[in-house]
Amino acid sequence: MITLVSPSLPYGFAKRHGVLLLDAGEVARVGLREGADPKALIEARRVLGRPLAVEALSQAAFDRQLSEVYAGDHLAATDGDDLDMPAGLDSLIDDIPAAADLLDTADDAPVIRLINGIIAEAVRTGASDIHLETYENALLVRMRIDGVLREALSLNPRIAPLLVSRIKVMARLDIAEKRVPQDGRIPLALGGKTLDVRVSTLPSRGGERVVMRILDKDQAGLTLDRLGMAPDALAAFRAALAEPNGIILVTGPTGSGKTTSLYAGLALLNDQTRNILTVEDPVEYAIDGVGQTQVNTKVGMTFAAGLRAILRQDPDVVMVGEIRDVETAGVAVQAALTGHLVLSTVHTNDAAGAVTRLRDMGVEPFLLASTLRLIVAQRLVRRLCDHCRTPEIADKKTAKLVGAKAGVQVWRPHGCAHCGNTGYVGRVGLYEVLKIDDRVRRLIAAEADEDAVVAAAFAGGGTLTERARALVLDGVTSVEEAVRVARQETATDPAEAA
């Protein structure tokens with residue numbers, strides 16, 4: 001893990017004047033943002049009290065360094081004894097700017113600095129979610145990094161109401177209502193990075209639990225080429241997106257990157273010649289040139305109602321966040337039949353399961369056969385750290401888990417400073433792409449079972465099982481990680497491992 005310099009220049013000064021302390025040695029190494037006034041170096045030298053070695057930084061490099069140097073400044077392992085309730089929390093609502101910069105906290109109360117520091121640390125470590133869990137003896141702060149929860153802090157439980165109230169103020173929630181769940185959002189800036197934090201509160205026995213989902217708007221520009229699909233799968237996905245009508249489905253569990261894949265597809269289609277409209281719950285990333293609508297069940301704005309409404313807006317491409325019921329499925333099929341390209345998600349274990357799921361919802365098999373174009377099943381597996389992974393010869397039991405022969409070389413996680421002693425850095429996608437060709441279309445119309453569809457669609461390979469096996473044998477991930485993420489999909493015929 002990289003140890004960051006404890007900043008000696010105030011954050012506000014560094015950001016405003018473009019001067020950043022990089023190394024506090026006998027000769028202080030400072031970064032100067034391009035276009036910044038060099039006169040600020042005079043004040044920096046006076047404050048630091050030592051000679052300066054100046055390093056020119058581009059705007060992007062300066063913003064990145066600014067976030068890294070100051071992100072963990074206020075996150076300390078404290079028991080919370082010195083935190084006091086800030087006066088008049090409800091009066092702060094109107095004073096919070098629309099996108100407050102959460103690193104600029106010089107005059108804020110300790111509880112505010114703590115929660116800001118927690119969010120900043122989560123962003124620095126690449127966490128997707130922050131969990132604040134209240135128990136009788138402790139307030140646990142856990143972060144989901146690369147899909148796995150890790151404990152970050154254990155605080156005195158008496159400060160839990162203070163932190164929850166502060167988060168509610170930031171998210172424009174009712175701080176007096178503690179009996180029902182609430183949902184909100186916090187727009188934030190972290191140095192040069194723009195964030196959208198989704199907040200969910202839930203009453204529990206020990207007090208309110210809070211989960212914050214961190215959405216980095218920089219990731220909204222992810223393209224198909226960067227998803228990590230195999231060349232054949234990527235070609236099939238591109239071909240389906242080029243179709244004038246039909247349904248493209250992405251399946252997988254929560255947190256497997258389904259929405260990211262759909263957004264990447266929309267980015268390819270968003271060429272100013274099409275009217276692209278979406279119905280989402282929630283709208284995760286704002287995309288210029290795409291009309292995005294938020295589901296609101298309280299006023300009757302469901303997926304089905306929203307889909308019906310946007311079909312009267314002359315769309316070419318429609319994205320439905322999720323097909324949850326027969327009504328939404330029926331409207332999506334009718335939209336595809338009337339010349340629209342429909343993108344959506346369903347929750348199934350594999351690609352063939354999506355056909356069965358829609359059929360069970362009540363969609364006629366002949367309608368599915370004529371409208372489905374492509375089904376993508378996906379997972380995210382953690383990538384082994386290149387600095388500390390260790391090779392190992394697989395025994396018969398280990399090899400059997402991935403359908404390989406005993407004696408093949410696999411790789412194990414070890415843990416080092418580069419990966420925070422977890423053995424993994426980042427994640428890579430597993431994609432199973434089911435192309436609806438004539439043979440598969442006939443099977444769907446004849447109500448064939450999943451096994452028959454899989455046998456016809458993946459005769460040449462490409463299932464989640466085979467993708468996972470390839471990543472394991474290539475040393476990209478470990479056997480344990482592949483089994484943890486794909487479970488029954490990676491378990492194969494024992495005869496293959498003989």
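Tutor: Two strands count as paired if DSSP finds at least two bridges between them. The model discussed here is predicted.

Student: What makes E12 and E13 a pair, and in which sense do they run?

Tutor: E12 and E13 are joined by four bridges. The requirement is at least two, so they count as paired. The two strands run parallel.

Student: Why is E12 described as largely enclosed?

Tutor: Five of the five residues of E12 are buried, so the rest of the structure largely encloses the strand. Ile276, Thr278 and Glu280 point one way, while Leu277 and Val279 point the other way. In a regular strand, side chains alternate between the two faces of the sheet.

Student: What does the pair tie together?

Tutor: Tyrosine 263 belongs to helix H7 and tyrosine 285 to the loop between E12 and E13, so the pair ties together parts 22 residues apart in sequence.

Student: How do you know whether tyrosine 263 is buried or exposed?

Tutor: Its relative accessible area is 3%. Buried means under 20%, so tyrosine 263 is buried. Tyrosine 285, at 7%, is buried too.

Student: What makes arginine 382 count as sitting over a ring?

Tutor: The charged end of arginine 382 is 4.0 Å from the centre of the tyrosine 424 ring and sits over it. The distance limit is within 6 Å, with a further limit of within 35 degrees of the ring normal. Arginine 389 lies over the face of tryptophan 411, also at 4.0 Å from the ring centre.

Student: How do you know that the buried residues of H6 line one face?

Tutor: These residues are Ala233, Leu234, Ala236, Phe237, Ala240 and Leu241. Seen down the helix axis, they fall within an arc of 160°, so they line one face of H6. They pack against several elements, including E11, H7 and helix H15.

How values were computed. Residues are numbered from 1 along each chain as its sequence is written. This is a predicted model: local features need pLDDT of at least 70, side-chain atom pairs count only at pLDDT 80 or more; totals for chains, interfaces and linings use all residues. Side-chain values use heavy atoms; hydrogens and water are left out. Buried means under 20% relative accessible area, exposed over 50%, partly exposed in between (1.4 Å probe, protein chains only). The arc is that of the directions from the helix axis to the C-beta atoms. Contact means heavy atoms within 4.5 Å.
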